[in-house]
Amino acid sequence: MSCKIKVAAILSLLLQLSIHAQNSQIKKTQSPIPVETLLGSRSFYYQHVISKNLNDNGLNFFNVSSFDANWSDNQDNHYFITGFLSQKIWKGLSIGFGGEIQGPGSFFTTGLQYSFFKKNLLVVVFPSVNLNGVMELSNFALIEYKPKISNKTSIYLRAQFLATTNFSQIFRSYQQLRAGLQLKNYQFGLAANFDQFNVPNIYKNNFGVFIRTLLF
């Protein structure tokens with residue numbers, strides 16, 4: 001069985017655990033699931049983020065999945081899927097394991113997850129070590145700021161980053177920027193995605209408009 005199939009199986013199992021916990025009788029406050037689409041100059045982009053508490057003791061499932069489809073070249077499509085099962089060990093800090101599937105490969109990971117939320121600010125930092133026989137460090141970071149304009153409307157700003165490195169070169173990285181408005185459970189505005197692939201050295205930019213909805 002290939003490593004990609006093994007990682008996909010583990011991610012599927014973690015997602016099923018999340019769904020099972022969501023349907024259980026445990027009383028808890030769950031985060032909404034943001035689902036985003038971007039119509040850009042180079043491609044159509046989709047992303048969702050899932051963060052689900054599996055019990056009342058700090059066990060959590062975290063998933064980010066995205067797909068980038070070039071308007072004119074199917075060979076230029078790429079994807080990113082990560083799943084992480086973590087246990088809270090301190091205020092905002094968790095430790096756990098999971099897996100990633102992305103071009104050009106897939107691997108299991110272990111690492112830390114730190115989340116900070118206060119009023120209109122959200123910060124998530126997710127450093128992890130790839131367990132693929134080679135020392136590689138991945139770092140995912142998300143910063144979201146939503147200052148209110150009125151009771152139903154807010155400014156929406158987001159920066160999202162990813163970098164995978166072996167400390168001598170960066171294999172895969174991206175930077176995503178969003179600026180717009182939030183109206184109730186909908187967010188929309190201008191978007192910019194910057195993607196870098198080290199093998200070969202490829203840089204892909206995508207500029208456009210996005211719409212994002214929060215599913216509860």
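Predicted model: local features only at pLDDT ≥ 70, side-chain atom pairs only at ≥ 80, totals over all residues.
**Exercise 1. Are R42 and D76 buried or exposed, and how do they pair?**

Solution. 
- Step 1. Start with burial. R42 is buried, and D76 is buried too. The cut-off for this label is under 20% relative accessible area.
- Step 2. Look at the contact. The two side chains form a salt bridge, at 2.8 Å from N to O. The rule asks for a nitrogen and a carboxyl oxygen within 4 Å.
- Step 3. Locate the partners. R42 sits in the loop between β1 and β2, and D76 in the loop between β3 and β4, so the bridge ties together parts that are 34 residues apart in sequence.
- Step 4. Widen the view. R42 and D76 belong to a network of salt bridges that also links D68 and K204.

**Exercise 2. Which strands does the R158 salt bridge join?**

Task: find the partner of R158, then trace both residues to their strands.

Solution. 
- Step 1. Name the partner. R158 forms a salt bridge with E36. Their closest N and O atoms are 3.0 Å apart.
- Step 2. Assign the strands. R158 is in β9 (residues 153-165) and E36 in β1 (residues 33-40), so the pair ties together parts 122 residues apart in sequence.
- Step 3. Check burial. Both R158 and E36 are buried.

**Exercise 3. Where in the chain do R172 and D195 lie?**

Solution. 
- Step 1. Find the strands. R172 lies in β10 (residues 170-183), and D195 lies in β11 (residues 186-197). The pair links distant parts of the chain, 23 residues apart.
- Step 2. Check burial. R172 and D195 are both buried.

**Exercise 4. What lines the largest pocket?**

Task: describe the largest pocket from its volume to its lining.

Solution. 
- Step 1. State the volume. The largest pocket holds about 1,100 Å³ of space.
- Step 2. Turn to the lining. It has 38 residues, and the closest to the pocket centre are S31, S51, N60, S115 and L122.
- Step 3. Sort by element. Those giving two or more residues to the lining include β3 (59-70), β6 (105-118) and β12 (202-215). The most come from β2, which gives five residues.
- Step 4. Sort by type. The lining has 14 nonpolar, 16 polar and eight charged residues.

Conventions: Residues numbered from 1 in each chain as written. Heavy atoms only, no water. 1 Å grid on protein atoms, 1.4 Å probe; cavity = no way out; pocket = protein on both sides within 12 Å on 5 of 7 lines; lining within 4 Å. Points joined across faces, edges and corners; volume = space filled by probe spheres on them. Helix = DSSP H or I, 4+ residues; strand = E, 2+ residues; numbered from the N terminus. Nonpolar A, V, L, I, M, F, W, Y, C, P; charged D, E, K, R; others polar. Buried < 20%, exposed > 50% of the residue type's maximum accessible area, 1.4 Å probe, protein only.
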